[in-house]
Amino acid sequence: MLAATGGISPQFLIGYIIFFIALMYFMAIRPQQKEKKKQEALLASIGVGDSILTSSGFYGVVIDMTDDTVIVEFGSNKNCRIPMKKAAIIEVEKPEL
């Protein structure tokens with residue numbers, strides 16, 4: 001572990017660096033990639049008629065969709081229709097048939 005001169009050996013230093021790189025990967029990068037895949041799957045599953053929860057806390061129903069935007073109807077008032085980005089949706093509930 002310690003070289004004859006009293007310093008740290010190069011093999012130990014390289015192993016130490018590799019250990020911390022692996023630790024950073026498993027603690028930061030990998031969970032973030034899993035969360036991104038989960039969010040992409042959620043957005044791909046959205047359909048017209050689904051109840052959604054937005055990132056700002058509003059509940060609504062999807063009434064129309066394009067590639068990256070949805071038109072959401074909020075509340076029981078049928079006149080409150082707002083276009084928004086799909087990325088703002090954090091939860092989807094499919095209607096029961």
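The model is predicted: local features need pLDDT of at least 70, side-chain atom pairs count only at pLDDT 80 or more, and totals for chains, interfaces and linings use all residues. Residues are numbered from 1 along each chain as its sequence is written, and side-chain values use heavy atoms, with hydrogens and water left out.

**The core**

Start inside. The largest nonpolar core has nine residues: Leu43, Ile46, Ile52, Val62, Val70, Val72, Phe74, Met84 and Ile89. A nonpolar core is a set of buried Ala, Val, Leu, Ile, Met, Phe, Trp, Tyr and Cys residues joined through side-chain atoms within 4.5 Å. Strand 3 (residues 69–74) gives the largest share of this core, three residues. Strands (E, at least two residues) and helices (H or I, at least four) are DSSP runs, numbered from the N terminus. Buried means under 20% relative accessible area, exposed means over 50%, and partly exposed lies in between (1.4 Å probe, protein chains only).

Take Ile52, one of the core residues. Which residues does Ile52 touch, not counting those up to four places away in sequence? They are Phe58, Tyr59, Gly60, Val62, Val72, Ile89, Glu91 and Val92. Contact means heavy atoms within 4.5 Å.

**A buried lysine**

Lys86 sits in the loop between strand 4 (81–85) and strand 5 (89–93). Lys86 is buried but has no salt bridge. The nearest side chain of opposite charge is Asp67, 6.5 Å away. Here Lys and Arg count as positive and Asp and Glu as negative; His and the chain ends are not counted. Leaving aside neighbours within four places in sequence, Lys86 is in contact with Leu43, Met65, Thr66, Asp67, Asp68, Thr69 and Val70.

**Salt bridges**

How many salt bridges does a search of the whole structure find? It finds three. A salt bridge is a side-chain nitrogen of Lys or Arg within 4 Å of a carboxyl oxygen of Asp or Glu.

| Pair | N to O distance |
|---|---|
| Asp50 and Lys94 | 2.9 Å |
| Asp68 and Lys85 | 3.7 Å |
| Arg81 and Glu73 | 3.0 Å |

Asp50 forms its salt bridge with Lys94. Asp50 lies in the loop between helix 1 and strand 1 (51–54), and Lys94 in the segment after strand 5, so the pair ties together parts that are 44 residues apart in sequence. Asp50 counts as buried because its relative accessibility is 3%. Lys94, at 45%, is partly exposed.

Asp68 and Lys85 meet in another salt bridge. Asp68 lies in the loop between strand 2 (59–65) and strand 3, and Lys85 in strand 4, so this pair ties together parts that are 17 residues apart in sequence. Asp68 is partly exposed at 44% relative accessibility.

In the bridge of Arg81 and Glu73, Arg81 is partly exposed at 49% relative accessible area. Glu73 is buried at 10%.

**A surface patch**

Ile8, Phe12, Leu13, Tyr16, Ile17, Phe19, Phe20, Ile21, Leu23 and Met27 make a nonpolar surface patch of about 1,000 Å². Patches are made of residues with over 30% relative accessible area and no salt bridge: like charges are joined within 9 Å, nonpolar side chains (Val, Leu, Ile, Met, Phe, Trp, Tyr) within 5 Å. Accessible areas come from the Shrake-Rupley method with a 1.4 Å probe; for residues, only the protein chains shown count as cover. Phe20 lies in helix 1 (residues 10–44). Phe20 counts as partly exposed because its relative accessibility is 36%.
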